[in-house]
Amino acid sequence: MIDRTIKRSLGQMMNGVQVVGASHEGVERCYTSHWVCQVSFEEPILMASVSPKHDTHPVIVDSGRFSVSLLASDQVEQGQYFSYPGRKFKYIGADYLERWEGLPVVGNAIAWLACDVEDRLERYDHDLVFARVSTVHEGRLKAPPLLYSSR
């Protein structure tokens, strides 16, 4: 278990909030994350930290692709909805989702990214999924982003 002081200190880092979605053979799953980041200047590569315990994990692994919806500051409700494990819902939040590039995305977001998995590192309690951004849809780019810290 992580030391309480370390956990509280790490929790003060400010991160953007995203909804990561995937679809494969009729199964569609989404989860809220603040652990998606750009990892390269030369290439459009990002890294998503995904728990193997989450029901979105096998859908990403099986499909080899996922979407990232960059949430705006007025999308707290959407971020909260997808922060709970999907197994607690009998349905996915259809009121919040649209389909784009065959993937679920949160409507009215700052931007949507379609990503193709290039590599996956199984480490600790999360897998690090490295993906190439293949398609982008600009949404409300001038809207302020939804930010997360444990405060």
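Visitor: Which residues are linked in a network of salt bridges?

Guide: E43, E118 and R132 are the residues joined in that network. A salt bridge here is a side-chain nitrogen of Lys or Arg within 4 Å of a carboxyl oxygen of Asp or Glu. Before going further, note that the model is predicted, that local features need pLDDT of at least 70 and side-chain atom pairs pLDDT 80 or more, and that totals for chains, interfaces and linings use all residues. Numbering runs from 1 along each chain as its sequence is written, and side-chain values use heavy atoms, with hydrogens and water left out.

Over the whole structure, the search finds 8 salt bridges. One of them joins R65 to D116, with 3.9 Å between the closest N and O atoms. Since R65 belongs to strand β6 (residues 65-70) and D116 to strand β9, this pair ties together parts that are 51 residues apart in sequence. Strands are DSSP runs of E with at least two residues, helices are runs of H or I with at least four, and both are numbered from the N terminus. Both partners are partly exposed: R65 has a relative accessible area of 24% and D116 one of 32%. The classes are buried under 20%, exposed over 50% and partly exposed in between, using a 1.4 Å probe and protein chains only. Another pair is E122 with R120, whose closest N and O atoms are 3.3 Å apart. E122 is exposed at 54%, whereas R120 is partly exposed at 31%.

Strand β9 (residues 111-123) pairs with β10 in the antiparallel sense over 12 bridges; two strands count as paired if DSSP finds at least two bridges between them. Within this pairing, C115 stands opposite V133 in β10. The two strands form a hairpin with 2 residues between them, and Y124 in the turn has a positive phi of about 50°. Strand β10 (residues 126-138) also pairs with β5 (residues 45-50), again antiparallel, over 6 bridges. There, S49 has L128 as its bridge partner.

R29 is partly exposed at 32%, as is D55 at 22%. In contrast to D55, which is partly exposed, T56 is buried, with a relative accessible area of 0%. Leaving aside residues up to four places away in sequence, T56 touches V20, A22, R29, C30 and Y31, a contact being heavy atoms within 4.5 Å.

For the setting of these pairs, the protein chain has 3 helices and 11 strands. Its radius of gyration is 15 Å, close to the 15 Å that the globule rule gives for 151 residues, so the chain is as compact as a globular protein of that length. That radius is taken over C-alpha atoms, and the rule is 2.2 Å times the number of residues to the power 0.38. Buried residues make up 39% of the 151 residues. Of the contacts with a separation of 6 or more, 64% are between residues 24 or more positions apart.
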